[in-house]
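Thank you all for making time this morning. I would like to walk you through one structure, slowly, and I ask that you keep it in view while I talk.

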Amino acid sequence: MMTPARPDPEALLRLAEQETSGRLKVFLGAAPGVGKTCEMLDDALGQARAGVDVVVGVVETHGRVETEARLRPLSVLPRREVAHRGHTLLEMDLDAILERKPALVLVDELAHANAPGSRHDKRWQDVEEILAAGIDVWSTLNIQHLESLNDVVASFTHVRVRETVPDRLLDRAEIEVVDTPPDELIERLRAGKVYVPHEAARALHHFFSRSNLSALRELVLRRAAQAVDAQMLDDVRAQALAGTWATADRVLVAVGSHDAASDVVRAGRRLADALRAPWTAVHIETPGERSAQANTRLAEAMHLATQLGGQVLALPAAGVVDGLQQAAADTRATLLVVGAPRPRRFAWQRRLTVDTLARRLPDLALQQVPVAHGAQARIALDRAPIAAWGWGPLLRGLVPAMGATALVTALGRLLFAAAPITNVALLYFLPVMLAATRYGLATGVITGLVASLAYNFFFIPPTGTFTIADPQNIITVLVLVAVAAVSSQLAARLRQQALLAGASARTSAALAGFARLLTGVTTAEELGRVLCAEASRLLDAHALMLLPEDGKLAVAAAFPPEHRLEVLDFAAAQWAFDRAQPAGRGSGTLTASEWLFTPLSAGGAPLAVLGLARGDASAPVRSDRLPLLGSLADQAGLALERIRLEHDMAGVRQLEERDRLRAALLSSISHDLRTPLTAVVGTLRELTPANPEQVPILATARAEAERLQRFIANLLDMVRIEAGAIALRPEAVDLAEAVASAVHDLRRTLGTRAVTMDIAPDLPLVMVDPRLFHHCLINLIENAVRHGGEEGAIILSAQRRADGLDLLVLDEGPGLPPGMSLRIFEVFTRVEGSDRKGGTGLGLAIVRGFARAMGIDVSAANRSDRPGARFTLHFSESQLRKISAE
């Protein structure tokens with residue numbers, strides 16, 4: 001029986017979320033140049049004329065005259081300036097939009113990547129924040145930037161874009177397809193309306209071929225239809241509207257436990273591919289028992305459906321057709337795929353199957369997959385499972401039923417002997433109802449027949465025989481049999497529904513209890529013990545959990561505790577963890593293992609593996625228990641993710657506290673030492689020795705005081721870098737003058753060491769902050785002095801490159817140990833085990849911090865011509881070209 005339609009809670013939540021946030025509209029196109037931005041601006045002008053508060057957050061005109069003309073009448077918010085690598089980039093001002101709070105904001109190019117240093121990495125994240133503030137957003141998007149289609153587009157265009165947008169944005173958006181035929185778009189490209197001429201010629205031979213544009217156009221139309229269909233289903237489910245709403249094909253595949261179940265799944269997948277429709281594999285769980293073989297076949301078929309990309313659904317129901325009717329209503333399916341056995345003798349059996357489905361599911365098209373004669377299948381007939389009619393359950397029920405019938409007969413004989421009672425036949429309904437409710441329909445029907453025969457033999461004249469003298473008594477017996485059969489069927493159905501409800505309640509209670517246990521778990525090992533104990537109890541199997549440890553999986557908990565795994569078992573567990581798919585017995589991979597391994601995942605990333613096995617080496621989990629296993633795995637995965645995040649947060653808090661204390665210590669030390677040290681350095685510079693022998697002593701004191709002063713300056717600079725308090729004042733700087741100034745300031749430190757400056761006078765200027773750049777050079781040269789050997793020469797060289805300009809600082813020391821080229825720039829990093837030790841470990845960290853702030857790349861390596869280290873400051877060509885133009 002179908003339950004009354006109720007609104008879908010998830011659909012209601014999605015609609016409620018849309019009501020409390022802004023609405024997103026996406027102008028979707030197949031390729032650049034189809035007119036998305038112009039269409040958006042035209043519609044926005046109409047909204048503005050209607051009195052809607054419309055502002056332009058960002059619109060890229062790309063120099064197109066028609067776009068600029070449409071943009072002029074609209075209110076445009078100034079963009080935010082972002083300094084990056086010597087350039088000033090213009091980005092959408094998110095804070096200005098949130099403060100202005102218009103009714104509608106236009107945000108072009110949804111897949112755009114923001115400049116480094118912006119609040120969000122991607123523009124679509126800005127859009128989500130705007131929507132959360134209750135502001136409507138209109139945006140544009142090309143189909144190749146959609147995450148789920150990124151690889152599909154790359155497969156035929158051979159161009160893979162890096163900027164992608166998650167599908168969930170498109171699923172929640174109102175979509176307007178901006179379509180331009182391929183030939184018209186190619187003509188626009190040739191006319192220079194999309195790209196400049198030399199770029200247009202190259203694009204025509206690559207991305208903008210007619211075949212590519214046709215394929216992209218088809219993807220746009222199909223993806224838009226899919227999004228609209230999903231939104232329509234949300235509305236239908238939220239309002240609990242009946243009907244299929246067949247605006248698009250949706251395939252439902254009925255999966256049984258017969259031999260050809262996998263063939264039915266494959267046929268359903270082929271049909272869904274041909275229709276380009278979503279599909280769901282559903283198994284209807286009815287009361288009764290299945291053999292181990294049937295459970296294995298069903299598990300294999302459902303696993304195959306998952307591998308082929310279909311959704312998997314298991315529904316409990318009193319009958320198969322009842323369950324299919326419910327599944328079709330839930331999925332709004334338009335086409336049902338079932339296995340159809342080909343009877344050898346009786347054609348009416350097949351007609352009964354088809355007629356039952358056609359009568360109960362009139363809104364669905366029916367596709368039958370032929371099943372071999374030998375397949376033991378219960379495809380769609382509305383009856384109890386075959387196993388429920390087996391001799392074992394039947395005999396177990398008939399013994400007490402016959403006893404009850406005999407007891408009623410004896411009681412009736414006593415009553416009939418005391419006084420002639422005409423309605424003694426009503427007593428026989430008691431054993432019939434008992435048998436039907438406790439032991440099923442078959443036992444109830446047989447008990448009804450036996451009860452009618454007993455009534456005939458003991459109470460209908462002539463008694464002691466099965467002969468009926470009075471024709472009226474024939475009607476009494478027939479009515480008794482009919483009423484017994486009908487009441488047995490009704491009672492059996494009630495029993496089935498009670499069993500289903502009880503099973504569902506037990507599952508829900510088990511999951512709720514497991515969830516309560518997980519709330520108090522604080523470590524992964526404790527979670528493993530809880531999970532293994534509950535999984536073993538609920539699934540009647542041995543259980544263990546494996547966690548990654550040093551790149552391999554290790555058993556973290558087991559129930560019973562003495563279980564261990566073989567090499568093959570570990571291989572299956574590792575496969576399940578690496579690919580986030582089940583492996584082992586009952587799956588489609590490494591089935592030689594006696595264990596079934598299920599990954600515990602959160603956010604799409606596997607965190608652990610749950611293993612299940614039985615002592616008799618049979619299938620670890622029955623197919624009807626697979627949904628319960630999936631729920632346990634999902635809850636355990638979420639609990640593991642929570643534990644990991646709590647651990648990470650504790651570590652982050654420790655790091656934050658340590659960094660805060662370190663910054664406070666550095667700031668305190670540097671400020672407290674700077675004032676007295678400045679006085680000391682000034683005094684030493686003013687002192688004039690009376691004795692010539694004191695001259696070298698005074699010079700050493702001055703040098704060490706100045707070195708200490710530079711150390712204090714480095715501490716202050718490090719605090720400023722970590723606090724993000726560096727203010728850039730870029731100017732055009734001559735490299736030769738900057739290097740000479742740094743060498744002059746280090747003349748006492750350099751002493752008699754040879755310094756070679758190889759900087760051509762015709763090199764372009766570079767745009768840097770002179771003060772910060774001077775600090776970088778000072779620290780690099782001082783590092784070369786400290787680690788370049790006692791008398792090693794220092795070379796300062798500038799080299800022009802195709803992509804910019806390199807400034808090199810080379811020494812003649814032992815060089816850098818392997819693996820230190822990147823770590824050498826970390827704070828307080830000093831190279832141990834070589835001559836490159838000593839110092840504070842701050843100089844090179846300050847170099848990297850200042851260089852990054854100015855947009856300069858800094859790197860370290862060993863020299864290739866001789867022993868020694870090479871530090872490189874790389875200036876990009878764009879910086880040089882910008883300065884040269886000025």
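This is a predicted model: local features need pLDDT of at least 70, side-chain atom pairs count only at pLDDT 80 or more; totals for chains, interfaces and linings use all residues.

Residues are numbered from 1 along each chain as its sequence is written, and side-chain values use heavy atoms, with hydrogens and water left out.

The chain has 27 helices and 25 strands, where helices (H or I, at least four residues) and strands (E, at least two) are DSSP runs numbered from the N terminus. Of the 886 residues in the chain, 44% are buried, and buried here means under 20% relative accessible area, with exposed over 50% and partly exposed in between, using a 1.4 Å probe and protein chains only. If we take contacts, meaning heavy atoms within 4.5 Å, between residues at least 6 apart in sequence, then 70% of them join residues at least 24 apart.

Now to the sheet. Six strands form an open sheet in the order β3-β2-β6-β7-β1-β8, with parallel pairing, and two strands count as paired if DSSP finds at least two bridges between them. The edge strands are β3 (75–76) and β8 (174–177), each of which pairs on one side only. Strands β2 and β3 pair over two bridges, and Val56 stands opposite Val76 in β3.

Strand β2 (residues 54–58) pairs with β6 in the parallel sense over four bridges, Val58 having Val107 as its bridge partner. Strand β7 (residues 136–142) also pairs with β6 in the parallel sense over four bridges, and there Val105 is partnered by Val137.

Before we leave the sheet, let me mention Ser21, which sits in the loop between α1 (9–20) and β1 (24–29). Ser21 counts as buried because its relative accessibility is 15%. Leaving aside neighbours within four places in sequence, Ser21 is in contact with Leu131, Ala132, Gly134 and Arg172.

Next comes helix α25 (residues 770–787), whose 18 residues reach 26 Å from first C-alpha to last, close to the 26 Å expected at 1.5 Å a residue; the expected span is 1.5 Å times one less than the number of residues. This helix is mostly covered, with 13 of its 18 residues buried. Just after α25, Gly789 takes a positive phi of about 90°.

Finally, consider Thr409, which lies in helix α15 (residues 391–418). Is Thr409 buried or exposed? Thr409 counts as buried, because its relative accessibility is 8%. Not counting residues up to four places away in sequence, Thr409 touches Tyr428, Ala454, Phe458 and Phe459.
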